[in-house]
Amino acid sequence: MDAITCIETRMSIRQFKPDPVDRDLLAGVIATARRAPSYKNSQPWEVMIVSGEKKEALAGHLIKLLESGREPCPDLEAPQSWPPAEQARIDALFRKRKEATGIDLAAPEMILKAKKANFRFYNAPHGIFLYQDASLSQWSLFDLGIFAQTLMLAAHARGLGTVPQAFAVDYAAETKRFLGIPESKRLVLGMAIGYPDMDAPANSLRTDRVPVDEILTWAE
Ligand SMILES: Cc1cc2nc3c(=O)[nH]c(=O)nc-3n(C[C@H](O)[C@H](O)[C@H](O)COP(=O)(O)O)c2cc1C
């Protein structure tokens with residue numbers, strides 16, 4: 001697959017086949033992701049891949065916290081509001097997602113359901129956590145974002161599906177404790193990874209993008 005096709009056909013995958021992914025294949029994806037650029041080549045990223053019983057136990061633990069009414073406390077504060085342009089795009093996504101999958105992310109009971117699905121990594125055989133030292137600057141967060149996209153493209157090029165998941169790190173402190181990640185780390189993102197089930201309705205959604213002239217200005 002060439003790079004342009006890889007970028008243009010990557011999409012968030014929210015239903016997976018149960019088949020586990022070979023460890024060498026997963027390690028290969030991470031090895032490719034390492035080629036992401038970073039500020040002064042500082043490579044401010046650490047990765048944990050959770051599978052099997054540990055993944056199930058973690059999901060159970062997080063779902064219990066959610067059901068007990070524990071307030072989310074992610075290491076990166078969730079946005080409380082958006083400027084109008086971004087909010088309009090979010091509204092359009094929610095409308096489209098409701099049409100495609102019946103899931104209305106604006107409804108509180110659906111949010112609960114969606115969070116549980118995220119904690120289960122959408123039934124993917126593996127969950128990835130991306131983290132970095134909490135003392136690192138915003139540039140390192142930027143670098144981790146580039147790493148995440150490189151990882152997703154490297155996975156897609158190898159026939160694997162992914163979805164980046166802010167929801168999966170809602171209970172950051174508890175997740176780090178459960179997984180033995182030091183408290184001094186900033187838990188940035190969860191990500192499901194596995195073989196995509198392309199027949200599942202959850203994977204029928206193709207998200208839109210705004211036209212280029214809405215985001216591009218030429219200055220000469
Ligand atoms: C930082 C970040 C956090 C996200 N968090 C979630 C999440 O918690 N759950 C989820 O299902 N999708 C999540 N997504 C996926 C976005 O909804 C998705 O990337 C967007 O709608 C565009 O769709 P596409 O990935 O199919 O192109 C997240 C994406 C990013 C980049």
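Predicted model: local features only at pLDDT ≥ 70, side-chain atom pairs only at ≥ 80, totals over all residues.
Trainee: Okay, H2 and H6 then: at what angle do they cross?

Mentor: The axes of helix H2 (residues 23–33) and helix H6 (residues 138–157) cross at roughly 135° and come within 8 Å. Helices here are DSSP runs of H or I with at least four residues, strands are runs of E with at least two, and both are numbered from the N terminus. The axes are lines fitted to C-alpha atoms, for helices over the stretch in contact, and the angles run from 0 to 180 degrees between N-to-C directions.

Trainee: Oblique or roughly antiparallel, then?

Mentor: H2 and H6 are therefore oblique to each other, given that angles under 35 degrees count as roughly parallel, over 145 as roughly antiparallel, 65 to 115 as roughly perpendicular and the rest as oblique. H2 passes H6 in a right-handed crossing, the term for a near helix turned clockwise from the far one by less than a right angle, with anticlockwise giving left-handed.

Trainee: Which residues meet there?

Mentor: From H2 they are Val29, Ile30, Thr32 and Ala33, which meet Phe147, Thr150, Leu151, Ala154 and Ala155 in H6; contact requires that the two C-beta atoms, placed from the backbone, lie within 7 Å. By class, this contact of H2 with H6 has 7 nonpolar, 2 polar and no charged residues, where Ala, Val, Leu, Ile, Met, Phe, Trp, Tyr, Cys and Pro count as nonpolar, Asp, Glu, Lys and Arg as charged, and the others, Gly among them, as polar.

Trainee: And which residues of H2 are buried?

Mentor: Leu26, Val29 and Ala33 are buried in H2, where buried means 20 or more other C-beta atoms within 10 Å of the residue's own, exposed 12 or fewer, and partly exposed anything in between, with C-beta atoms placed from the backbone. Seen down the axis of H2, these buried residues fall within an arc of 55°, so they line one face of the helix; the arc is that of the directions from the helix axis to the C-beta atoms.

Trainee: What do those buried residues pack against, and what sits on the face turned away?

Mentor: The buried residues of H2 pack against strand S1 (46–51), strand S2 (126–133) and H6, whereas the face turned away from the buried side carries the exposed residues Arg23, Asp24, Ala27 and Ala31.

Trainee: Switching to H3: how does it sit against H5?

Mentor: Helix H3 (residues 52–67) and helix H5 (108–119) have axes that come within 9 Å and cross at roughly 160°, and the two helices are therefore roughly antiparallel to each other. In that contact Ala59, Leu62, Ile63 and Leu66 of H3 meet Leu112, Lys115, Lys116 and Phe119 of H5, and the residues divide into 6 nonpolar, no polar and 2 charged.

Trainee: How about H3 with H7?

Mentor: H3 and helix H7 (residues 172–179) pack at an angle of about 150° with their axes 11 Å apart, which makes H3 roughly antiparallel to H7. Leu58, His61, Leu62 and Leu65 in H3 meet Glu174, Thr175 and Phe178 in H7.

Trainee: Last one: is isoleucine 193 buried or exposed, and what is it in contact with?

Mentor: Isoleucine 193, in strand S4 (residues 185–194), is buried, with 26 other C-beta atoms within 10 Å. Leaving aside neighbours within four places in sequence, isoleucine 193 is in contact with Val21, Ala124, His126, Ile128, Ala155, Leu160 and Thr162.

How values were computed
Residues numbered from 1 in each chain as written.
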